Amino acid sequence: MKKLVAGILTASLALSLAACGGGDKSSSGDSKETKLVVGASNVPHAEILEKAKPILEKEGVDLEIEKYQDYVLPNKDLDSGEIDANYFQHKPYLEQQIKDNGYDFVDAGDIHIEPIGIYSKKYKSLDKLPDGATILISNSVSDQGRILTLLEAKGLITLKSGVDKASAEIKDIDKNPKHLKIDAKTAPEMLVQMYENEEGDAVVINSNFAIDAGLTPTKDAIALEDSNSPYVNIVAVKKGNENKEAIKKLVDVLHSKEIQDFINKEWKGSVVPVSK
């Protein structure tokens, strides 16, 4: 197994770490065991995969987990064949990546939802936000519709009639009674640091980054997305590979009661399992 060297991507990307995999091959130690290399975010994805690893081993699958700290390399490495699958992104992000980069990827299985939250070190509730407050949000276009929908659901803004909320942008805001300043300049992986530095008045953070930084979304967020969010995190593979036996076994194990119970116990609502 080769190791990739971590490096600074751009001003919009944090330090990212990845590694190369072997591509659905039999391991040298056991000709009957299939090697499966899956790229994942540290939390919760890699932790869930670690729990699934011994179960898959009994199924004849040698799971190798490659950890990433950004949202770009996992799809690049999947496209190049460095890894067999990735598990870090939700459906709208995958769709946007396919549109932007021409990836021939498919969703091999829906696994869990990570409700996004609004965090603030300055205010304990949304109704305490002052007129003209600054809210920092992700610069990822695929996140913004979700975030704006959350802000609308919490009564902070209203989106224009007829707008597709999944793809809504800041320009689609119709009413903003508190004259909120919505700042979308920050890469999603840097939002926790902005929160810790008390930048802005509130920060909207994806739960995987929040959890990785030691935050508990259900306790630390001043507002949290409903658990029935359509932004389900998935296992992504190249088109056609969703029918491979090792991929099917991976998805089946991630849907198993043992893994779902683990998710519920470990994250207590901050990560919500999907059973199909």
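1. Ground rules. Residues count from 1 along each chain as its sequence is written, and side-chain values use heavy atoms, leaving out hydrogens and water. As this is a predicted model, local features need pLDDT of at least 70 and side-chain atom pairs pLDDT 80 or more, while totals for chains, interfaces and linings use all residues.

2. The sheet. Look for an open sheet of 6 strands, ordered β2-β1-β3-β12-β4-β13 with mixed pairing. (Strands are DSSP E runs of at least two residues, helices H or I runs of at least four, numbered from the N terminus; strands pair if DSSP finds at least two bridges between them.) β2 (61–68) and β13 (272–273) are at the edges with a single partner strand each, so one side of each has no neighbour in the sheet.

3. Inside the sheet. β3 (residues 85–90) runs antiparallel to β12 (residues 232–238), over 3 bridges. Tyr87 sits opposite Val235 in β12.

4. The main core. A nonpolar core here is a set of buried (under 20% relative accessible area, 1.4 Å probe, protein chains only) Ala, Val, Leu, Ile, Met, Phe, Trp, Tyr and Cys residues joined through side-chain atoms within 4.5 Å. The largest has 32 residues, and Leu49, Val235 and Leu254 touch the most other members. Helix α1 gives the most to this core, 7 residues.

5. Leu49 up close. Not counting residues up to four places away in sequence, Leu49 touches (heavy atoms within 4.5 Å) Val38, Ala40, Leu63, Ile65, Tyr87, Leu250 and Leu254. Another core, of 22 residues, lies apart and includes Ile118 and Leu150.

Methods. Buried < 20%, exposed > 50% of the residue type's maximum accessible area, 1.4 Å probe, protein only.
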